[in-house]
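Q: Got the model up. Can we go through how the sheets are put together?
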Amino acid sequence: MRKILFREALREAMVEEMERDDSVFLMGEEVAEYNGAYKVSQGMLDQFGAKRVIDTPIAELGFAGLGIGAAMVGLKPIVEMMTFNFAILALDQVVNTAAKMRYMSGGALSCPIVIRGAGGAGGALGAQHSQSLEAQYAHIPGLKVMMPATPYDAKGMLKTAIRDPDPVIFIEGEILYGTEGEVPEEEYLIPMGKGDIKRGGKDVTLIAWSRMVHLCLDAAEELAKEGIDAEVIDLRTIRPFDREMIAESVKKTNRAVIVEEGWPMASVGGAVSDWIARELFDYLDAPVGRIHQRDVPMPYAYNLEAATLPKVEDVIAAVKKATYTKS
């Protein structure tokens with residue numbers, strides 16, 4: 001099977017959906033003339049023209065609102081945020097309008113919009129450009145939140161998001177754009193809310209999403225050398241997350257460790273941990289472990305950024321604690 005980059009998989013998803021459906025269009029800062037801040041939309045202006053690939057001013061609240069309005073009258077906008085750090089400026093439109101449109105209109109109106117872009121740490125970009133903000137969207141009823149970890153998932157998940165009748169937040173790990181993976185040329189979709197077992201195991205369940213999936217896979221390889229067989233679950237969609245998959249895995253391993261890039265307070269990992277503790281308590285042989293970013297703004301220096309983010313050693317230590325294994 002051919003291999004392509006994460007950014008290329010995202011572009012293929014958008015191109016295929018725009019070829020399939022004339023109501024789909026892309027808008028955002030630098031998506032057209034500059035081919036996208038991360039080159040995700042490279043070549044799309046030439047292919048689809050300026051009416052369907054639209055550059056916007058640096059005005060996130062404004063163009064998010066424009067996209068929501070377009071969605072309400074039958075179009076299917078893909079709104080690219082250069083980074084979800086900037087999307088904070090658009091929260092009023094996203095939370096108070098897009099997320100509530102179907103509910104407040106009694107089902108008369110829908111809002112089929114995808115708001116996508118980069119999130120998380122990008123390599124010494126500083127506190128204002130390195131935030132994992134998925135929890136603030138997962139908290140809001142009416143929004144669906146997807147975070148792929150591989151090129152294969154990125155393409156199949158984005159095509160699903162574009163076809164969804166309701167607003168979808170699609171966060172792409174910033175350092176994943178240059179990663180490569182197998183992606184079939186034939187069409188496929190990955191269902192909303194369906195996770196994936198990236199590595200089978202029987203001793204402990206590692207639960208992650210986006211770039212943390214790769215961290216868990218690296219940790220699982222190291223743990224295997226010590227005879228600990230870790231199962232790695234990729235949630236892929238964090239709202240709604242795949243409860244059935246988690247339950248099946250935890251009932252098998254009897255232990256769970258959640259690994260996330262974001263902060264610990266009121267986080268996605270906290271919500272998943274709470275659900276496991278309440279619904280799967282009788283199957284647990286140890287408390288649910290949690291690994292997360294340190295509870296501070298992201299430092300600018302490379303060495304301090306690395307010290308702040310979860311590491312393979314952190315995951316291994318949490319697994320050994322859960323399995324009562326001596327270091």
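Q: Which residue is the bridge partner of Leu206 in E13?
A: Val257. Keep in mind that this is a predicted model.

Q: In what sense do E10 and E13 pair, parallel or antiparallel?
A: Parallel, over 3 bridges. Strand E10 covers residues 204-208, and strand E13 covers 256-259.

Q: What is the strand order in the sheet that holds them?
A: E9-E11-E10-E13-E14. That sheet is open, has 5 strands and shows mixed pairing.

Q: Which strands stand at the edges there?
A: E9 (196-199) and E14 (289-291). Each has a single partner strand, so one side of each has no neighbour in the sheet. From one strand to the next, the twist averages 25 degrees.

Q: Which strands does helix H8 lie across?
A: H8, residues 212-224, lies across E9, E10, E11 and E13. It runs at about 170 degrees to E11.

Q: And what about H12?
A: Helix H12 (residues 312-322) lies across E10, E13 and E14, at about 160 degrees to E13.

Q: How many bridges join E2 and E4?
A: 5, in the parallel sense.

Conventions: Residues numbered from 1 in each chain as written. Predicted model: local features only at pLDDT ≥ 70, side-chain atom pairs only at ≥ 80, totals over all residues. Heavy atoms only, no water. Pairing = 2+ DSSP bridges. Helix = DSSP H or I, 4+ residues; strand = E, 2+ residues; numbered from the N terminus. Axes fitted to C-alpha atoms, helices over the stretch in contact; angles between N-to-C directions. Contact = heavy atoms within 4.5 Å.
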